[in-house]
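Let's walk through this structure together, one region at a time. Keep the sequence and the 3D view side by side as you read.

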Amino acid sequence: MGGRTVDGPGVKEGAARGVAGTAGGETLELVVFGLKEGTTREQFLATNEAASRWMEQQPGFVSHELSYAPAGDRWIELVRWETLEEAEAAADAAMSSESC
């Protein structure tokens, strides 16, 4: 499983990202994060819409789920990719994308 920290509009420092291959050949990307102080849920969700549209256009994208866990005030994002290489390429591209 690969891991790195992630950053984005309204996301606290120290958010964690992990990527792992599955038995069916898909790659799962799991990101757990909280919002920066002062960022509202509505602000985040509005920004997340653009990031989701961007992600859907990336090679190898399969699906995306976003959940909120009130216990711990954390967001959980699960993204499915066709391959690990496509997941990593999308993560690298996201670092320079204005949508992310």
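Contact here means heavy atoms within 4.5 Å. With that in hand, look at Asn-48: leaving aside its neighbours within four places in sequence, Asn-48 is in contact with His-64, Leu-66 and Glu-77. Asn-48 belongs to helix α1, residues 41–56. Helices (H or I, at least four residues) and strands (E, at least two) are DSSP runs, numbered from the N terminus. Is Asn-48 buried or exposed? Its relative accessible area is 12%, so Asn-48 is buried; the term buried means under 20% relative accessible area, exposed means over 50%, and partly exposed is in between (1.4 Å probe, protein chains only).

Before going further, a word on what you are looking at. This is a predicted model, in which local features need pLDDT of at least 70 and side-chain atom pairs count only at pLDDT 80 or more, while totals for chains, interfaces and linings use all residues. Residues are numbered from 1 along each chain as its sequence is written, and side-chain values use heavy atoms, with hydrogens and water left out.

Now step back to the whole chain. The protein chain has 2 helices and 5 strands, and from the N terminus on its elements run β-β-β-α-β-β-α. Of its 100 residues, 33% count as buried. Among contacts in the protein chain with a separation of 6 or more, 49% come from residues 24 or more positions apart. The protein chain exposes about 5900 Å², and carbon and sulfur atoms supply 51% of that area; accessible areas come from the Shrake-Rupley method with a 1.4 Å probe, and for residues only the protein chains shown count as cover.

Let's turn to the aromatic residues. A pair of aromatic rings is described by the distance of the centres and the angle of the planes. Rings of Phe, Tyr and Trp (its six-membered ring) pair if their centres lie within 6.5 Å; planes under 30 degrees apart count as stacked, over 60 as edge-to-face and the rest as tilted. The structure holds 4 aromatic pairs. In one of them, the rings of Phe-44 and Trp-75 have centres 4.9 Å apart and planes at 50°, so this pair is tilted. Phe-44 sits in helix α1 and Trp-75 in strand β5, so the pair ties together parts that are 31 residues apart in sequence. Phe-44 counts as buried at 5% relative accessibility, and Trp-75 is buried with a relative accessible area of 4%.

Phe-61 and Trp-81 form an edge-to-face aromatic pair, 5.8 Å centre to centre with 80° between the planes. This pair links distant parts of the chain, with Phe-61 in strand β4 (residues 61–69) and Trp-81 in strand β5, 20 residues apart. Phe-61 counts as buried at 18% relative accessibility, and Trp-81 is buried at 1%. Elsewhere, Phe-33, Phe-44, Tyr-68 and Trp-75 form one aromatic cluster.

Charged residues come next. Side chains of opposite charge can pair when their charged atoms come close. A salt bridge is a side-chain nitrogen of Lys or Arg within 4 Å of a carboxyl oxygen of Asp or Glu, and the structure holds 2 of them. The side chains of Arg-80 and Glu-26 meet in a salt bridge, 3.8 Å from N to O. That pair links distant parts of the chain: Arg-80 is in strand β5, and Glu-26 is in the loop between β2 (15–21) and β3 (27–33), 54 residues apart. Arg-80 also forms a salt bridge with Glu-65, the closest N and O atoms being 3.0 Å apart. Here Glu-65 lies in strand β4, 15 residues from Arg-80 in strand β5. Arg-80 is partly exposed at 24% relative accessible area, as are Glu-26 at 28% and Glu-65 at 41%.

Finally, find helix α2 (residues 84–94), where Ala-87, Ala-90, Ala-91 and Ala-94 are buried. Seen down the axis of α2, the buried residues fall within an arc of 100°, so they line one face of the helix; the arc is that of the directions from the helix axis to the C-beta atoms.
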